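User: I'm new to reading protein structures, and I'd like to learn how to do it step by step. Could you walk me through one?

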Amino acid sequence: MAPKDPKQSGGFFASMASTLTNLGSAMTKSVNGIVGYEGLEVINPDGSSEDLEDEARKGRWKQEDRDGYWKVMQKYIGSDVTSLVTLPVLIFEPMTMLQKMAELMEYSHLLDLADECEDPYMRLVYASSFFISVYFAFQRTWKPFNPILGETYEMVNHGGITFISEQVSHHPPMSAGHAENEHFIYDITSKVKTKFLGNSIDIYPVGRTRLTLKKDGVVLDLAPPPTKVNNLIFGRTWVDSPGDMVLTNLTTGDKVVLYFQPCGWFGSGRYEVDGYVYNSAEEPKILMTGKWNESMSYQPCDSEGEPLPGTELKEVWRVADVPENDKFQYTHFAHKINSFDTAPKKLLASDSRLRPDRYALEQGDLSKAGFEKSRSLSLSLSHTHTHTHKIQ
């Protein structure tokens, strides 16, 4: 099906944005200046000293714009950036947070395996590997568009699942998503708190993720680690999520605790994940190890956490091949998120695919994307005020 031009679609986005003006065109000139510290050199975790020049060649960071943006953005240091008025469009990818939630379902076949598995501990191996796999999408440093209140996204005919999500709160931003097939029901409330630190952002997930496996009615609850986006301006932007990820079987009390190693000097420990599947008595049953951007493996262990004799490490998940030199580092699965081939026949006018700013960015029109993004922001603020007034 041919892509639709949102400017011709009318409906949800067009009707609410028609009379709004551009609040932040000056902010859309370049991503370079969210912050700037003259003369500061930052070496990225991989040890390269040429990252600043490398990023400039890619067109993401240009030194000449830093000072101006720093004057605008320095007042936000220490703040929750989910409340910022506007951010330059060059740091965005042509996808909304609602679509990002759908993208996390790329390796949902692991949940199918978890549902089919008779072994309660291997069930947790499969399920936790799925939740590890989502971090491969999180490592992209482009920012998704914030959905406006009432915006939706639906996905069918993709990965064997049906997915729907909606922006249910504007301030604070909160999204709700639901995915389902014959094996599982996946529900997520996406809500984060952030702290802007100048050249980095701390992200604290405070939403909720629940997974129900249909065969036995098992319910799993996820508690993810926080995430830090480093080198927003200086050096190569990279993401780290140090801390524990805990997946608990609320039905039996079994759980998985996986530790995300913090990145050390010159990249040591980066991406590494290690931990165990425990029974309800907190005795280790299976050890797990791997890298969240590559693969995960498992091996049965004894009560001390040591591998059982006669067993070997087996791979349970590996990242699928991705297109080379893709501008936004999208996988083949992610590329179909914006496609109308994955849309239901009766697409809601509020669907993220129809957002003018997202569509313009996808087409490479940064000027129009910035203009439409500012109109969407004005729309969101106006809609929220009107909705609140009606409630009162």
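Predicted model: local features only at pLDDT ≥ 70, side-chain atom pairs only at ≥ 80, totals over all residues.

User: Let's begin with the whole chain. How many helices and strands are there in the chain?

Analyst: The chain has 9 helices and 18 strands.

User: And what share of the residues in the chain is buried?

Analyst: A residue counts as buried when its relative accessible area is under 20%. Here, 52% of the 392 residues are buried. The accessible surface of the chain is about 18,100 Å², and carbon and sulfur atoms hold 52% of that surface.

User: Which residues meet where H5 touches H6?

Analyst: From H5 come Leu110, Leu111, Leu113 and Ala114, and they meet Arg123, Tyr126, Ala127, Ser129 and Phe130 of H6. Sorted by kind, the residues of this contact are 7 nonpolar, 1 polar and 1 charged.

User: Which residues of H5 are buried, and what do they pack against?

Analyst: H5 covers residues 109-116, and its buried residues are Leu110, Leu111, Asp112, Ala114 and Asp115. They pack against helix H6 (120-138) and also against strands S6 (184-190), S9 (208-213) and S18 (314-318).

User: Let's zoom in on single residues. Is alanine 179 buried or exposed?

Analyst: Check its relative accessibility: alanine 179 has 0%, so it counts as buried. It sits in strand S5, residues 174-180. Leaving aside neighbours within four places in sequence, alanine 179 is in contact with Met105, Ile161, Thr162, Phe163, Phe184, Ile185 and Tyr186. Distance along the chain is another thing to look at: alanine 179 and isoleucine 161 are 18 residues apart along the chain, and their C-alpha atoms are separated by 6.6 Å.

User: Why does serine 169 count as buried?

Analyst: Serine 169 has 16% relative accessibility, so it falls in the buried class, given that the cut-off is under 20%. Its place is in strand S4, residues 161-169. Not counting residues up to four places away in sequence, serine 169 touches Leu149 and Met174.

User: Can we look at a residue in a helix? What does glutamine 99 touch?

Analyst: Glutamine 99 lies in helix H4, residues 97-103, and is buried, with a relative accessible area of 0%. Beyond residues up to four places away in sequence, glutamine 99 touches Pro94, Tyr153, Ile337, Asn338, Ser352, Arg353 and Arg358.

User: My last topic is backbone angles. What is the phi of asparagine 325?

Analyst: Asparagine 325 has a positive phi of about 55 degrees although it is not a glycine. You'll find asparagine 325 in the loop between S18 and helix H7 (332-335), and it is exposed, with a relative accessible area of 79%. Glutamine 329 also has a positive phi of about 55 degrees, and it is not a glycine. The loop between S18 and H7 holds glutamine 329, which counts as partly exposed at 42% relative accessibility.

How values were computed
Residues numbered from 1 in each chain as written. Heavy atoms only, no water. Buried < 20%, exposed > 50% of the residue type's maximum accessible area, 1.4 Å probe, protein only. Helix = DSSP H or I, 4+ residues; strand = E, 2+ residues; numbered from the N terminus. Contact = heavy atoms within 4.5 Å. Nonpolar A, V, L, I, M, F, W, Y, C, P; charged D, E, K, R; others polar. Areas by Shrake-Rupley, 256 points an atom, 1.4 Å probe, with all protein chains shown as cover.
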